[in-house]
Amino acid sequence: MKQSLSFSLRFNYRLLLFLCGLLLVVLSVFMLLPFAVSLVSGDGAASGFGLSLAVTLPLGIVAIITSRRHRSYELRHIESLWITAVAWTVVPAVGALPYLFTNSTSNVADALFESFSGFTTTGSSVFGHPEALPHSLLVWRSLTQWMGGLGLMLFLIATVRSLSVGSLRLYGAEFSGTVQRKLHPRIATSVRYMWTVYLFFTALLFAGLMLCGNGLEQSFCLALSTVSTGGFVPSSNTMAAISPLTATLLTLFMFLSGVNVALLYHLLRGGFLTVWRDEEFRVYIGLYLAAVVSCIVALLLAGNDIGISVAYPFFHIASTISTCGYCLPKPVVWTQWLSAVTFVFILTGASAGSTGGGIKLKRLMILLKYVGNYFTRMLHPNAVFRVSVNGKPIEADYVNKVFGYVFLYVLFVVAGGFVLTLSGCDIPVSLCVSAANMGNLGPSPLISSMGAAFDYATLPSFAKLFLAFLMTAGRIEIFALLALFVKR
């Protein structure tokens, strides 16, 4: 009892309340764009967004004012984990209001599922035909993905300068379990560089999509969904109707979005040698090319047309390894090899420090090197080995943390598969869907029987809410979310 009371007195609740309030105010500012779109297009959703604004903005302002007195910006590690977990719960929950207030759905579980899917950049959707939604809500779905793509904590770090040392703790909580390279000695400046890169690539892709002949709405939605590796599309036949030039452009940006944002910064500054020297980047390229070549061979041997056999793997593998989740029409003959490669990349995911999900390649590299060293020590017991990446040794504590993270990750996927079997799905589909949502991939043709047409709307509410939990766990990389359930 004394420990619990002591913790409540020491815990920095005022800072938690202030930061959540600030995020809600920012959320209400983002709502202004779909509100304006609704007024201009006359899609009938303006009142819904107006009501959402009327709820979100006062909530944020009240939280900021309430926390103003005696607020401290000192932040301990456990508090940074709590702030991360609470913010990633509160913001998507409030972000679900437009789905309810625009009467797009009356099911609270559906609204929460769609909102969490957006903010975590998962891309799973209960709306099988998004083209039936108001134009403003399509814009809102894409905005939620873009906001969550780089991370809510990184936005706070870039804007709240008073955090000081707390910025580093929030940075570590957002990327719990991976060591991220900094672009500047000051973490806030480093994060601002990352946001600049993120915004630049979004604008660049938007301009490219417009030049490829896509409409304003489609270009806007696809640009935000691609760079954030979210995967929401404005229409159920969007991917089937895009031109080859648009598909090529999306392939390039999906691939780049799976790269560490810090490396993209160096790339823009002409540091090609710095990028190429990065071991994880070389592994990322190698895996991508190896998968593409093997899938091309598999599709050709299955009897598919040479055009689709060559074009499809480039797009599909980029979509999967980056965890974007876009789906082109499948080849006439689907091969189990393609299913196997897809499932492997769902688990591995993209590079650490990217907007992609999954376990992350850097963690798997560390695990494989550790296992390799272990077998070598069996042959040479007196030899001393250290796991190293980019020539730098990795601390043993960090290696242990990676092992713990991967174990928990697989455990969550299995738990999600179990929950989905209770909802009536068979075991292979349940595991695939669970892995896809845990890895923030969402809609991808995992196996030929499932494809991109898996209907999330038919799942019971408890399954949707558990998948939303998995999406959040995958997005903030488990540790911050588990901090909510630690007694002390």
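There are 19 aromatic pairs in this structure, which is a predicted model. One of them joins Phe 113 and Tyr 456, a tilted pair with 5.4 Å between the centres and 35° between the planes. Phe 113 belongs to helix 6, while Tyr 456 sits in the loop between helix 21 and helix 22, so the pair links distant parts of the chain, 343 residues apart. Phe 113 is buried, at a relative accessible area of 0%. Tyr 456 is buried too, at 4%.

Another pair is Trp 146 with Tyr 198, this one stacked, at 4.9 Å centre to centre and 25° between the planes. Trp 146 is in helix 7 and Tyr 198 in helix 10, 52 residues apart. Trp 146 has a relative accessible area of 12% and counts as buried; Tyr 198, at 3%, is buried as well. Both belong to a cluster that ring pairs build from Trp 146, Phe 155, Trp 195 and Tyr 198.

Now the helices. The axes of helix 6 and helix 7 come within 6 Å and cross at roughly 45°, which makes helix 6 oblique to helix 7. The residues of this contact are two nonpolar, four polar and two charged.

How do helix 19 and helix 20 pack? Their axes are 10 Å apart, at an angle of about 110°, and the two helices are therefore roughly perpendicular. The crossing of helix 19 and helix 20 is left-handed. Residues in the contact include Tyr 370 of helix 19 and Phe 403 of helix 20. By class, this contact has nine nonpolar residues, no polar ones and one charged.

Definitions and conventions:
Residues are numbered from 1 along each chain as its sequence is written. This is a predicted model: local features need pLDDT of at least 70, side-chain atom pairs count only at pLDDT 80 or more; totals for chains, interfaces and linings use all residues. Side-chain values use heavy atoms; hydrogens and water are left out. Axes are lines fitted to C-alpha atoms, for helices over the stretch in contact, and angles run from 0 to 180 degrees between N-to-C directions. Helices (H or I, at least four residues) and strands (E, at least two) are DSSP runs, numbered from the N terminus. Angles under 35 degrees count as roughly parallel, over 145 as roughly antiparallel, 65 to 115 as roughly perpendicular and the rest as oblique. Ala, Val, Leu, Ile, Met, Phe, Trp, Tyr, Cys and Pro count as nonpolar, Asp, Glu, Lys and Arg as charged, and the others, Gly among them, as polar. A crossing is left-handed if the near helix is turned anticlockwise from the far one by less than a right angle, and right-handed if clockwise. Contact means heavy atoms within 4.5 Å. Rings of Phe, Tyr and Trp (its six-membered ring) pair if their centres lie within 6.5 Å; planes under 30 degrees apart count as stacked, over 60 as edge-to-face and the rest as tilted. Buried means under 20% relative accessible area, exposed over 50%, partly exposed in between (1.4 Å probe, protein chains only).
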